[in-house]
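Have the structure open beside you and try each task before reading on.

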Amino acid sequence: MNTFSERLRAEIEYSGLLQKEVAYRAGIKKRALDMYLGAQGSMPPADVAVRLAKVLNVTVEYLVTGSNAALPSMRKFSRMETDIASLSGEIFAAIETLVHKIAEERRGKSAE
């Protein structure tokens, strides 16, 4: 994927959102999004690029340049966040406690 529009299109598809949902969540008109996705590949203003990146859980750097080493891990955490949000409060609390205990243990081991 070489262009902004190609990366934007791929991220919209990956997100599972409809284009009109992405436009709404980013606070832009669907026609504007169509321009960014079109063959001419118009580049949005910086504030719009930031909002699109936020909606799609990617960085602006990735959308604009195609480079971002953190992208796979961002996706992983985004999926986890969605899955965790669907859990009951009791299960969520248990997972949260477990994660904190593991992190504390690791910090203790790295200090040794």
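**Exercise 1.** Find the handedness of the crossing of α2 and α3, then describe how these helices pack.

*Solution.* Keep in mind that this is a predicted model.
- Step 1: α2 and α3 cross in a right-handed way.
- Step 2: Take the geometry next. Helix α2 covers residues 19-26 and helix α3 residues 30-37; their axes lie 9 Å apart, at an angle of about 110°.
- Step 3: Angles of 65 to 115 degrees count as roughly perpendicular, so α2 is roughly perpendicular to α3.
- Step 4: Now look at who touches whom. On α2 the contact residues are Q19, K20, V22 and A23, and on α3 they are K30, L33, D34 and L37.
- Step 5: Sorted by class, this contact between α2 and α3 has four nonpolar residues, three charged and one polar.

**Exercise 2.** Work out how α2 is oriented relative to α4 and which residues make their contact.

*Solution.* 
- Step 1: Helix α4 spans residues 46-56, and its axis comes within 9 Å of that of α2, with a crossing at roughly 120°.
- Step 2: That angle makes α2 oblique to α4.
- Step 3: The crossing of α2 and α4 is right-handed.
- Step 4: V22, R25 and A26 of α2 meet R51, L52, V55 and L56 of α4.
- Step 5: By class, the contact of α2 with α4 includes five nonpolar and two charged residues, but no polar ones.

**Exercise 3.** Which residue forms a salt bridge with D34, and how far apart are the two along the helix?

*Solution.* 
- Step 1: A search of the whole structure turns up two salt bridges.
- Step 2: One pairs D34 with K30, whose closest N and O atoms are 2.5 Å apart.
- Step 3: D34 and K30 are four residues apart in helix α3, so about one helical turn separates them.

**Exercise 4.** Which element has the highest mean pLDDT, and which the lowest?

*Solution.* 
- Step 1: Start with the whole protein chain: its mean pLDDT is 84, and 86% of its residues reach 70 or more.
- Step 2: Among the elements, α2 has the highest mean, 96, while helix α6 (residues 71-85) has the lowest, 68.

Key
Residues are numbered from 1 along each chain as its sequence is written. This is a predicted model: local features need pLDDT of at least 70, side-chain atom pairs count only at pLDDT 80 or more; totals for chains, interfaces and linings use all residues. Side-chain values use heavy atoms; hydrogens and water are left out. Axes are lines fitted to C-alpha atoms, for helices over the stretch in contact, and angles run from 0 to 180 degrees between N-to-C directions. Angles under 35 degrees count as roughly parallel, over 145 as roughly antiparallel, 65 to 115 as roughly perpendicular and the rest as oblique. A crossing is left-handed if the near helix is turned anticlockwise from the far one by less than a right angle, and right-handed if clockwise. Contact means heavy atoms within 4.5 Å. Ala, Val, Leu, Ile, Met, Phe, Trp, Tyr, Cys and Pro count as nonpolar, Asp, Glu, Lys and Arg as charged, and the others, Gly among them, as polar. pLDDT is the predictor's confidence in each residue, from 0 to 100. A salt bridge is a side-chain nitrogen of Lys or Arg within 4 Å of a carboxyl oxygen of Asp or Glu.
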